[in-house]
Amino acid sequence: MTSKRTLLETIRDDWGENIQSHICMEIVDYIFSVPCDQLAYLTYGTFRNVTQNKYSNQELLSAIQYLYGDVMKVLEVKFEYIEDGEDYPLDKEELAKAEETGYLVHPETGKEIEDFRDKVFIYFDAQNFRQELFI
Amino acid sequence: MSTEKKPENLKNLLESLHERAPWPVMSSLLRKNELLVSRGARNTIKKLLDEYNHATEEKVNELNQKIESLFEDYCEHLLTGEKQVKIFSVNSNIEEQILKDLSTVTVKENEFLESYPLPLSQEKLEGMDSSTYLVDIKNKKEVMNFVFCTSRFTTSRVRFKPHELDSDLSEILSEYDELVGIKRNSRQFFDVVTIRKGRGLIEFRMDISGGLPVEERPGAFVHARRCFQRLFSDRSLASCFSQELNVFPLLQHLYSDKEEGKVVEIGFATGTASIKHERMRRGQIDLRDEVYHKAGMDAVQRIDLYRLAVHWHINIQPDLSSSPELLIPGHVTLLNSENEKNIDGLEIRKCLGLEDYESIIEKVIKYLKNND
């Protein structure tokens, strides 16, 4: 269990004066500024808006990677399969198997899909982190 | 129980189940019968056949029992799985006459009986016209079911790369990354007509497994109704069930009753001139409890619903559950109609069997009766 203050200190220690330090802090500030139930589905687009499109993709991606990495675990990575406007949650185990075997099992039909990569999308959930955090 | 190995029967059963049931339903039915489930339908079928082919005599006996139980579940799924439902009401006197008239009906010889309750092979289906045949009558204490089979065309989109074509075509189409073709397939459909004895209700359950296109459904229903009407020896009875129940009032009942499942989709209009179509991502909370929806509801006096989907979570065994879904598939133009708002059908999907289906249809009947 950690607090927002120690979290921000860790970010500062890890990134120093790098731009990612600012990005992470803006994202963490956002996570603390909205009710927990509004943190269930966050996307790259969410974070681009939160940081007002001030940063390059590369800078934003590295900051987000840091926030979902093993050290911080602020964001929980989740995946979904989207086809013809229908979305299906994907568990990480199935996705790992898909990478290993070269096919994904369609969640609705059970059929094997080889060209699945452009239909798998990433999103982030920060609810657990917020609920567990000592403010 | 027989120790005789019948791998062909098992293969047909598994492939038919795969063809008809969504994967979450098929895998749940296999688990319910303690049969192995592997990664995806193809792998599962292959491994189950391998297990069966290499089984000892003792093991075959055990497997045959499980397969027989799975077969019963498949038969139940034929009656209840992936259906578009239309309900007609008749008065008790007419119902009595209908039941009496139909009590003499028998199933006549036809090609579908060769494999029923399993579907015919694709090769045989391709050579058939779209005639509908009665294949089964199940006369039980509370219901009388008539099962019809027909072969209908469905279309599917097939994607392929130009380099997969022969060399001439491949060169002509070389500037394309991907091509999409529309493929026409023959598919066997199992439509069911159910008379609920003593309740004055006749139910048409049109088979929509495999995604029968929405535009094909009215024609399919008209065809099925005609086939059912032809069974009557007293032709005057055939026109007695023209009173189709309007399921529009269900929208408000299901939306208002917070105890009813989880609302996953809503279409509605507001007095502020907006049209909203809201959908929750799978596995997330009830739409009625979602922050944005609740705030909107607090801000307006009322909403006018035209579409609603609800799903229920039903525990079957400690580690097995089902998630049947009900969709009332209205369109916003219903609200603009001068006439009484009418939705003449609903979709019931992802039922594991009769219990799931009946639990939903009884809710429908309960709410529609309360509306009378």
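Is B:Glu203 buried or exposed? At 1% relative accessibility, B:Glu203 counts as buried. Here buried means under 20% relative accessible area, exposed over 50%, and partly exposed in between, with a 1.4 Å probe and protein chains only.

1. Basis. This is a predicted model, in which local features need pLDDT of at least 70 and side-chain atom pairs count only at pLDDT 80 or more, while totals for chains, interfaces and linings use all residues. Residues are numbered from 1 along each chain as its sequence is written, chains are lettered from A and ligands numbered from 1 in the order in which they are written, and side-chain values use heavy atoms, with hydrogens and water left out.

2. The B:Glu203 pair. B:Glu203 forms a salt bridge with B:Arg196. A salt bridge is a side-chain nitrogen of Lys or Arg within 4 Å of a carboxyl oxygen of Asp or Glu. The closest N and O atoms of this pair are 2.6 Å apart. B:Arg196 is buried too, at 3% relative accessibility. Salt bridges with shared partners link B:Arg196, B:Arg199, B:Glu203, B:Arg205, B:Glu358 and B:Glu362 into one network. Over all chains, a search of the whole structure finds 36 salt bridges.

3. Fold of chain A. Chain A has six helices and five strands. Helices (H or I, at least four residues) and strands (E, at least two) are DSSP runs, numbered from the N terminus. Along the sequence the pattern is α-α-α-α-β-β-α-β-β-β-α. The C-alpha atoms of chain A fill a box of roughly 50 × 30 × 25 Å along the principal axes. Of its 135 residues, 45% count as buried. Contact means heavy atoms within 4.5 Å. Among the contacts in chain A with a separation of 6 or more, 61% come from residues 24 or more positions apart.

4. A buried alanine. A:Ala63 sits in helix α4 (residues 57-68) of chain A. A:Ala63 counts as buried, at 0% relative accessibility. Neighbours within four places in sequence aside, A:Ala63 is in contact with A:Gln20, A:Ile23 and A:Cys24. A:Ile19 is 44 residues from A:Ala63 in sequence, yet the two are 8.8 Å apart in space, C-alpha to C-alpha.

5. Extent of the A–B interface. In chain A, 27 residues are in contact with 18 residues of chain B. The two chains bury about 1,700 Å² between them, 38% of it on carbon and sulfur atoms. Buried area is the accessible area (1.4 Å probe) that two parts lose on being put together, summed over both. On the chain A side, A:Asp87, A:Glu108 and A:Glu112 lose the most area to chain B, together 30% of what that side buries.

6. The rule finds six salt bridges across the interface of chain A and chain B. It also finds 13 residue pairs in polar contact, both residues at pLDDT 80 or more. A polar contact is a pair of N or O atoms within 3.5 Å; within protein, one must be able to donate a hydrogen and the other to accept it, and residues adjacent in sequence count only if both atoms are side-chain atoms. In chain A, β2 (86-90), α5 (92-101) and β3 (104-105) each supply at least two residues of the side that touches chain B. The residues of that side divide into ten nonpolar, six polar and eleven charged. Ala, Val, Leu, Ile, Met, Phe, Trp, Tyr, Cys and Pro count as nonpolar, Asp, Glu, Lys and Arg as charged, and the others, Gly among them, as polar.

7. Two pairs across the interface. A:Glu108 forms a salt bridge with B:Lys350, with the closest N and O atoms 3.4 Å apart. A:Glu108 is buried, at a relative accessible area of 13%. B:Lys350 is buried as well, at 11% relative accessibility. B:Arg42 forms a salt bridge with A:Glu112, with the closest N and O atoms 3.1 Å apart. B:Arg42 lies in helix α3 (residues 41-53) of chain B and A:Glu112 in strand β4 of chain A, so this pair joins two chains. B:Arg42 counts as exposed, at 59% relative accessibility. A:Glu112 is partly exposed, at 26%.

8. Strands in chain B. Strands β2 (residues 132-139) and β3 (residues 143-160) of chain B run antiparallel and are joined by seven bridges. Two strands pair if DSSP finds at least two bridges between them. A hairpin joins β2(B) to β3(B) through three residues. B:Thr132 has B:Thr150 in β3(B) as its bridge partner. Strand β4 (residues 179-196) of chain B runs antiparallel to β3(B), with 18 bridges joining them. In β4(B), B:Asp191 is the bridge partner of B:Phe148.
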